[in-house]
Amino acid sequence: MIKLHHLNHSRSQRIIWLLEELELNYELVKHQRDIDTDLAPASLKKVHPLGKAPVLVDQELKLAESGAIIDYLAQRYGAQLLPEKDSAAWWDYVYWLHYAEGSLMPPLVMRLIFDKVQAAPVPFFVRPIISKIVAGVDKAFLHQQIHSQLNFVADHLSCHDWMLGEHFSAADIQMSFPLEAAMYNPKWAAAYPRLKAYVDQLQARPAYLRALAKGGDYRYGPKT
(Lines give C-alpha, C1' and ligand atoms only; values in the text may rest on other atoms or scores of the structure.)
Protein backbone atom coordinates (compact mmCIF):
# COMPACT_ATOMS: atom_id res chain seq x y z
CA MET A 1 0.00 0.00 0.00
CA ILE A 2 1.32 3.41 -0.98
CA LYS A 3 1.20 5.99 1.79
CA LEU A 4 1.23 9.75 1.13
CA HIS A 5 1.88 12.33 3.84
CA HIS A 6 -0.10 15.39 2.79
CA LEU A 7 -0.15 18.99 4.05
CA ASN A 8 -3.16 21.19 3.39
CA HIS A 9 -2.68 24.16 1.03
CA SER A 10 0.55 22.69 -0.32
CA ARG A 11 2.41 21.08 -3.22
CA SER A 12 1.34 17.65 -2.02
CA GLN A 13 -2.14 18.24 -3.43
CA ARG A 14 -0.78 17.45 -6.89
CA ILE A 15 0.54 14.08 -5.69
CA ILE A 16 -2.98 13.10 -4.58
CA TRP A 17 -4.10 14.15 -8.04
CA LEU A 18 -1.48 11.95 -9.73
CA LEU A 19 -2.47 8.97 -7.57
CA GLU A 20 -6.07 9.53 -8.63
CA GLU A 21 -5.11 9.82 -12.31
CA LEU A 22 -3.30 6.49 -12.02
CA GLU A 23 -6.19 4.94 -10.06
CA LEU A 24 -3.79 3.56 -7.47
CA ASN A 25 -4.72 2.38 -4.00
CA TYR A 26 -3.12 4.58 -1.35
CA GLU A 27 -3.38 5.68 2.25
CA LEU A 28 -3.57 9.44 2.81
CA VAL A 29 -2.08 10.80 6.03
CA LYS A 30 -3.20 14.39 6.54
CA HIS A 31 -1.16 17.02 8.37
CA GLN A 32 -2.65 20.45 9.12
CA ARG A 33 -0.85 23.78 9.03
CA ASP A 34 -0.58 25.78 12.24
CA ILE A 35 -3.51 28.21 12.32
CA ASP A 36 -1.40 31.10 13.63
CA THR A 37 1.84 30.67 11.67
CA ASP A 38 0.59 28.79 8.57
CA LEU A 39 3.66 26.56 8.94
CA ALA A 40 3.77 22.76 8.76
CA PRO A 41 3.18 20.95 12.06
CA ALA A 42 5.81 19.13 14.09
CA SER A 43 4.22 15.82 13.08
CA LEU A 44 5.89 16.06 9.66
CA LYS A 45 9.34 16.19 11.28
CA LYS A 46 8.69 12.66 12.47
CA VAL A 47 8.19 11.64 8.83
CA HIS A 48 11.11 13.52 7.25
CA PRO A 49 13.91 15.60 8.83
CA LEU A 50 12.92 18.72 6.87
CA GLY A 51 9.35 18.53 8.10
CA LYS A 52 7.80 19.21 4.71
CA ALA A 53 5.24 17.55 2.48
CA PRO A 54 4.77 15.62 0.29
CA VAL A 55 6.46 12.46 1.49
CA LEU A 56 5.62 9.22 -0.31
CA VAL A 57 6.19 5.77 1.18
CA ASP A 58 6.01 2.78 -1.16
CA GLN A 59 7.14 -0.46 0.51
CA GLU A 60 10.77 0.18 1.54
CA LEU A 61 11.06 3.45 -0.37
CA LYS A 62 10.52 6.81 1.32
CA LEU A 63 10.68 9.73 -1.10
CA ALA A 64 10.34 13.50 -0.68
CA GLU A 65 10.25 16.35 -3.25
CA SER A 66 7.28 16.70 -5.59
CA GLY A 67 9.27 16.32 -8.79
CA ALA A 68 11.00 13.16 -7.63
CA ILE A 69 7.70 11.67 -6.42
CA ILE A 70 5.90 12.49 -9.66
CA ASP A 71 8.72 11.02 -11.72
CA TYR A 72 8.82 7.87 -9.57
CA LEU A 73 5.06 7.26 -9.70
CA ALA A 74 4.85 7.97 -13.42
CA GLN A 75 7.80 5.76 -14.32
CA ARG A 76 6.73 2.89 -12.06
CA TYR A 77 2.95 2.97 -12.44
CA GLY A 78 1.96 5.45 -15.14
CA ALA A 79 3.68 4.98 -18.48
CA GLN A 80 0.55 6.44 -20.11
CA LEU A 81 1.48 9.82 -18.62
CA LEU A 82 4.99 9.79 -20.06
CA PRO A 83 6.43 10.20 -23.56
CA GLU A 84 8.78 7.63 -25.03
CA LYS A 85 12.19 7.65 -23.40
CA ASP A 86 15.00 9.40 -25.28
CA SER A 87 12.50 11.07 -27.61
CA ALA A 88 12.48 14.87 -27.93
CA ALA A 89 9.24 14.86 -25.92
CA TRP A 90 10.97 12.93 -23.11
CA TRP A 91 13.50 15.71 -22.65
CA ASP A 92 10.68 18.27 -22.76
CA TYR A 93 9.11 16.30 -19.90
CA VAL A 94 12.38 16.36 -17.95
CA TYR A 95 12.71 20.10 -18.59
CA TRP A 96 9.25 21.04 -17.31
CA LEU A 97 9.63 18.66 -14.37
CA HIS A 98 12.64 20.67 -13.18
CA TYR A 99 11.54 24.07 -14.45
CA ALA A 100 8.42 24.16 -12.26
CA GLU A 101 10.35 24.23 -8.98
CA GLY A 102 13.75 25.39 -10.24
CA SER A 103 12.74 28.52 -12.19
CA LEU A 104 9.05 29.31 -11.87
CA MET A 105 8.41 28.72 -8.17
CA PRO A 106 11.29 30.69 -6.50
CA PRO A 107 10.14 34.20 -7.49
CA LEU A 108 6.55 33.31 -6.60
CA VAL A 109 7.68 32.19 -3.14
CA MET A 110 9.67 35.41 -2.74
CA ARG A 111 6.57 37.41 -3.68
CA LEU A 112 4.55 35.51 -1.06
CA ILE A 113 7.20 36.17 1.61
CA PHE A 114 7.30 39.89 0.80
CA ASP A 115 3.50 40.07 0.97
CA LYS A 116 3.61 38.49 4.42
CA VAL A 117 6.36 40.87 5.54
CA GLN A 118 4.29 43.86 4.46
CA ALA A 119 1.20 42.51 6.21
CA ALA A 120 3.02 41.64 9.45
CA PRO A 121 2.26 43.77 12.52
CA VAL A 122 5.15 46.22 13.07
CA PRO A 123 5.52 49.62 14.76
CA PHE A 124 4.03 52.39 12.59
CA PHE A 125 7.38 54.16 12.20
CA VAL A 126 8.99 51.00 10.79
CA ARG A 127 6.31 50.25 8.19
CA PRO A 128 7.40 52.97 5.67
CA ILE A 129 10.93 51.57 5.73
CA ILE A 130 9.72 48.02 5.10
CA SER A 131 7.40 49.18 2.31
CA LYS A 132 10.23 51.11 0.65
CA ILE A 133 12.58 48.10 0.75
CA VAL A 134 9.92 45.74 -0.62
CA ALA A 135 8.95 48.19 -3.38
CA GLY A 136 12.61 48.65 -4.33
CA VAL A 137 13.28 44.92 -4.64
CA ASP A 138 10.03 44.42 -6.50
CA LYS A 139 10.84 47.15 -9.03
CA ALA A 140 14.49 46.19 -9.50
CA PHE A 141 14.14 42.43 -9.65
CA LEU A 142 11.03 40.55 -8.57
CA HIS A 143 8.37 42.01 -10.88
CA GLN A 144 10.52 41.42 -13.95
CA GLN A 145 11.43 37.88 -12.89
CA ILE A 146 7.85 36.79 -12.24
CA HIS A 147 6.44 38.20 -15.44
CA SER A 148 9.32 36.88 -17.55
CA GLN A 149 8.51 33.39 -16.28
CA LEU A 150 4.74 33.74 -16.74
CA ASN A 151 5.18 35.17 -20.25
CA PHE A 152 7.48 32.28 -21.12
CA VAL A 153 4.93 29.65 -20.07
CA ALA A 154 2.06 31.54 -21.67
CA ASP A 155 3.96 31.74 -24.97
CA HIS A 156 4.60 28.00 -24.85
CA LEU A 157 0.94 27.22 -24.16
CA SER A 158 -0.23 29.57 -26.90
CA CYS A 159 0.59 26.83 -29.40
CA HIS A 160 0.13 23.74 -27.19
CA ASP A 161 -2.90 22.25 -25.48
CA TRP A 162 -0.72 20.73 -22.73
CA MET A 163 2.89 21.13 -21.63
CA LEU A 164 4.06 18.35 -23.99
CA GLY A 165 1.73 19.17 -26.84
CA GLU A 166 -1.54 17.35 -27.59
CA HIS A 167 -1.51 14.92 -24.67
CA PHE A 168 -1.91 15.42 -20.93
CA SER A 169 1.15 14.16 -19.04
CA ALA A 170 2.89 14.07 -15.68
CA ALA A 171 4.54 17.36 -16.66
CA ASP A 172 1.16 19.07 -16.45
CA ILE A 173 0.69 17.81 -12.90
CA GLN A 174 4.12 19.10 -11.88
CA MET A 175 3.44 22.51 -13.45
CA SER A 176 0.01 22.82 -11.85
CA PHE A 177 1.00 24.12 -8.41
CA PRO A 178 3.06 27.19 -9.39
CA LEU A 179 0.53 28.16 -12.05
CA GLU A 180 -2.40 27.70 -9.67
CA ALA A 181 -0.56 29.85 -7.13
CA ALA A 182 0.07 32.53 -9.78
CA MET A 183 -3.51 32.51 -11.05
CA TYR A 184 -4.74 32.85 -7.46
CA ASN A 185 -3.77 36.52 -7.90
CA PRO A 186 -6.75 38.11 -9.73
CA LYS A 187 -4.56 40.70 -11.49
CA TRP A 188 -2.25 38.05 -12.88
CA ALA A 189 -5.18 35.86 -13.89
CA ALA A 190 -6.61 38.78 -15.87
CA ALA A 191 -3.23 39.58 -17.42
CA TYR A 192 -2.58 35.98 -18.54
CA PRO A 193 -5.83 34.57 -19.98
CA ARG A 194 -4.05 31.59 -21.59
CA LEU A 195 -2.57 30.56 -18.24
CA LYS A 196 -5.94 31.01 -16.54
CA ALA A 197 -7.61 28.86 -19.22
CA TYR A 198 -4.91 26.21 -18.82
CA VAL A 199 -5.36 26.09 -15.03
CA ASP A 200 -9.15 25.87 -15.50
CA GLN A 201 -8.54 22.96 -17.87
CA LEU A 202 -6.42 21.16 -15.28
CA GLN A 203 -8.92 21.77 -12.51
CA ALA A 204 -11.79 20.36 -14.57
CA ARG A 205 -10.24 16.90 -14.84
CA PRO A 206 -12.26 14.25 -12.93
CA ALA A 207 -9.17 12.92 -11.13
CA TYR A 208 -8.28 16.46 -10.03
CA LEU A 209 -11.74 16.92 -8.54
CA ARG A 210 -11.54 13.55 -6.75
CA ALA A 211 -8.17 14.57 -5.31
CA LEU A 212 -9.60 17.89 -4.18
CA ALA A 213 -12.40 16.11 -2.32
CA LYS A 214 -9.92 13.77 -0.61
CA GLY A 215 -7.16 16.26 0.19
CA GLY A 216 -9.17 18.80 2.14
CA ASP A 217 -8.41 22.51 2.34
CA TYR A 218 -6.57 23.81 -0.74
CA ARG A 219 -6.64 27.56 -1.27
CA TYR A 220 -5.44 27.40 -4.88
CA GLY A 221 -8.23 25.15 -6.11
CA PRO A 222 -11.11 26.25 -8.34
CA LYS A 223 -13.16 29.10 -6.92
CA THR A 224 -16.83 28.24 -6.48
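A: A quick definition to begin with: buried means under 20% relative accessible area, exposed means over 50%, and partly exposed is in between, using a 1.4 Å probe and protein chains only.
Q: Thanks, and what sort of model is this?
A: This is a predicted model, where local features need pLDDT of at least 70, side-chain atom pairs count only at pLDDT 80 or more, and totals for chains, interfaces and linings use all residues. Residues are numbered from 1 along each chain as its sequence is written, and side-chain values use heavy atoms, with hydrogens and water left out.
Q: How many salt bridges does the count come to?
A: The count is 8, where a salt bridge is a side-chain nitrogen of Lys or Arg within 4 Å of a carboxyl oxygen of Asp or Glu.
Q: What does Arg76 pair with?
A: Its salt-bridge partner is Asp58, at 3.7 Å from N to O. The two link distant parts of the chain, with Arg76 in helix α2 (residues 66-77) and Asp58 in strand β3, 18 residues apart. Helices (H or I, at least four residues) and strands (E, at least two) are DSSP runs, numbered from the N terminus.
Q: Is Asp58 buried or exposed?
A: Asp58 is buried, with a relative accessible area of 3%, whereas Arg76 is partly exposed at 46%.
Q: And Arg219, which residue does it bridge to?
A: That one goes to Asp38, with the closest N and O atoms 3.5 Å apart. This pair also connects distant parts of the chain: Arg219 is in the segment after α8 (206-215), and Asp38 is in the loop between β2 (26-31) and β3 (55-58), 181 residues apart.
Q: How accessible is Arg219?
A: Arg219 has a relative accessible area of 28%, so it is partly exposed. Asp38 counts as partly exposed too, at 22%.
Q: Switching to helix α7, where do Lys196 and Asp200 lie?
A: Both are in helix α7 (residues 193-203), 4 residues apart, which is about one turn of the helix. Lys196 is partly exposed at 31%, and Asp200 is partly exposed at 35%.
Q: Which residues are linked in a network?
A: Arg11, Arg14 and Glu101 are joined by a network of salt bridges.
Q: Last one: where does Asp86 lie?
A: Asp86 is in the loop between α2 and α3 (88-119), and it is exposed, with a relative accessible area of 65%.
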